[in-house]
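Dear colleague,

Please find below the structure that I am passing on to you. My notes on it follow.

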There are 2 protein chains.
Amino acid sequence: MTTVLIADDQPLQRFGFRMLLESQDDLTVLGEASNGSEAIRMTAQLHPDVVLMDIRMPGLDGIEATRRIVATGDRTRVLILTTFDLDEYAHAGLRAGASGFLIKDAQPEELLSGIRSVATGDAVVAPSLTRRLLDAYAHHLPAGGAAEGASQVDPRLSALTEREREILTVIGKGWTNSEIAARLHLAESTVKTHVGRILAKTGSRDRIQAVILAYDSKLVEPA
Amino acid sequence: MTTVLIADDQPLQRFGFRMLLESQDDLTVLGEASNGSEAIRMTAQLHPDVVLMDIRMPGLDGIEATRRIVATGDRTRVLILTTFDLDEYAHAGLRAGASGFLIKDAQPEELLSGIRSVATGDAVVAPSLTRRLLDAYAHHLPAGGAAEGASQVDPRLSALTEREREILTVIGKGWTNSEIAARLHLAESTVKTHVGRILAKTGSRDRIQAVILAYDSKLVEPA
DNA sequence: GCCACCGTAGTACCGCGGTACCACGCCCCT
DNA sequence: AGGGGCGTGGTACCGCGGTACTACGGTGGC
């Protein structure tokens, strides 16, 4: 028997998941959490085999919740379920230690088999994401290494090197590539290389997403 | 007995809706459509009392499907259900003739009562949308002027028209021109015209500066 | 009745941004 | 001595973004 905790801020979505899971003999829903903090608390208390985790939740989001749950060393596995197949999320989610990543745009059967796979220790990634994930990881692996303390660093930035975070900061200030090159005494091609890696690592499709990330992660502060 | 057609491209979402609705004695699900065209065809065939319509669907979207269903003059009512409470959607949806507009971030009871209201000819709008809808419709009358609240609008945004502020908001969310066009039902050239005027009026050299402005002026909030 | 503004839409053009791929020197670790 | 990560730099290509200009229907003001 596999036990599951549902973490999603949308009541209707939770309801659907619960109905689907409980229609299966081998799956039991232990509870429902509507945000990240709740998910962490309930996981510590109920020790489910699998947490079905939504990313977008008020307060503590699914990525951060995943990180903390995985950090406990408990045997609970996290399967992230999101509406969008943005690599940004996939990256951050997998870096956070999730065992799987599926998009909600999936057949019920896929979700069920995903849960069963994750419960037995396997990993699952939505087909539509697999390719891009491989590309991104082939491009460059994490490195990051230490940086354990780091405290309130946004997990999505954790893969970036020192220099890359610097560049991201000025991207967030709206500088163009040529401006960055001039003011940091670099060749524009170097700047492009950095920017490319930043986009790949953070899963941003263009510098605009990176600007938004810089703001959301408080790398740059609103004026 | 109220009959319902579910139109949503996400199988899991449909499953949840179906389970919820069928748990009620007075509601029957006649069928499920996974895109707009299917919704239209099935409506013409099954004549449900209510169509539960998602906006984002591949091919023909929910707005256009709503328009065509309403245009048939049939007594079928459309209740739009969307993930986001963007006013663009609400506007477009209600203009298209929808009888209601709810966000998926709702309690199951709200959805059920919404369906019953719409079936009896009433209209339903999600509480979080009501205010903005009223604001927008008020603007329809006297061209703003008063705007008693006036709130804390950033002076740099004061030259913008209502529509331009809308566009700037989604620019701030990182949408590309083509995404804006698609989701707001505009031609890309129109979007470019708007963007160009926004940049000119705000003194931004590119959309990146506009994104930063949107954050700094609190037009969009950090996640 | 006319004019100004707004929202819509189109065409044509060009440059920056992003990608793909390659390359080299430095430093740290084994 | 090797290897891997990092920062630097280069070339080539292409698509999206932004500009310039035009146009037209609707609405509200005068």
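**Salt bridges**

B:D206 and B:R205 are joined through their side chains by a salt bridge, with N and O 3.8 Å apart. Please bear in mind throughout that this is a predicted model.

B:R205 also takes part in a salt bridge with A:E179, where the closest N and O atoms are 2.6 Å apart. A:E179 belongs to helix 8 (residues 177–184) of chain A, while B:R205 lies in the loop between helix 9 (188–202) and helix 10 of chain B, so this pair joins two chains. A:E179 is buried, at a relative accessible area of 17%, because the limit for that class is under 20%. B:R205, with 44% relative accessibility, is partly exposed.

Over all chains, the structure holds 17 salt bridges. Another of them is formed by A:R18 and A:E32, whose closest N and O atoms are 2.6 Å apart. This pair links distant parts of the chain, 14 residues apart: A:R18 is in helix 1 (residues 11–22) of chain A and A:E32 is in strand 2 (residues 27–33) of chain A. A:R18 is partly exposed, with a relative accessible area of 22%, and A:E32 is likewise partly exposed, at 26%. Through shared partners, salt bridges connect A:R14, A:R18, A:E22 and A:E32 into one network.

**Aromatic rings**

A search of the whole structure gives one aromatic pair over all chains. The ring centres of A:Y215 and B:Y215 are 4.7 Å apart and the ring planes stand at 35°, so the pair is tilted. The pair crosses between chains, from helix 10 (residues 207–216) of chain A to helix 10 (residues 207–216) of chain B. A:Y215 is buried, with a relative accessible area of 4%, and B:Y215 is buried with a value of 4%.

A ring also figures in a contact with a charge: the charged end of A:R183 sits over the ring of A:W175, at 4.3 Å from the ring centre.

**An annotated aspartate**

UniProt, in an unreviewed entry, lists A:D54 under "modified residue: 4-aspartylphosphate". In the model, A:D54 is found in strand 3 (residues 50–54) of chain A. Is A:D54 buried or exposed? A:D54 is buried, with 5% relative accessibility. Leaving aside residues up to four places away in sequence, A:D54 touches A:A7, A:D8, A:D9, A:G62, A:L81, A:T82 and A:K104.

With kind regards

How values were computed. Residues are numbered from 1 along each chain as its sequence is written. Chains are lettered from A and ligands numbered from 1 in the order in which they are written. This is a predicted model: local features need pLDDT of at least 70, side-chain atom pairs count only at pLDDT 80 or more; totals for chains, interfaces and linings use all residues. Side-chain values use heavy atoms; hydrogens and water are left out. Rings of Phe, Tyr and Trp (its six-membered ring) pair if their centres lie within 6.5 Å; planes under 30 degrees apart count as stacked, over 60 as edge-to-face and the rest as tilted. Helices (H or I, at least four residues) and strands (E, at least two) are DSSP runs, numbered from the N terminus. Buried means under 20% relative accessible area, exposed over 50%, partly exposed in between (1.4 Å probe, protein chains only). A charge sits over a ring if NZ of Lys or CZ of Arg is within 6 Å of the ring centre and within 35 degrees of the ring normal. UniProt positions are given in the numbering used here, feature names are shortened, and annotations may be inferred rather than shown by experiment. Contact means heavy atoms within 4.5 Å. A salt bridge is a side-chain nitrogen of Lys or Arg within 4 Å of a carboxyl oxygen of Asp or Glu.
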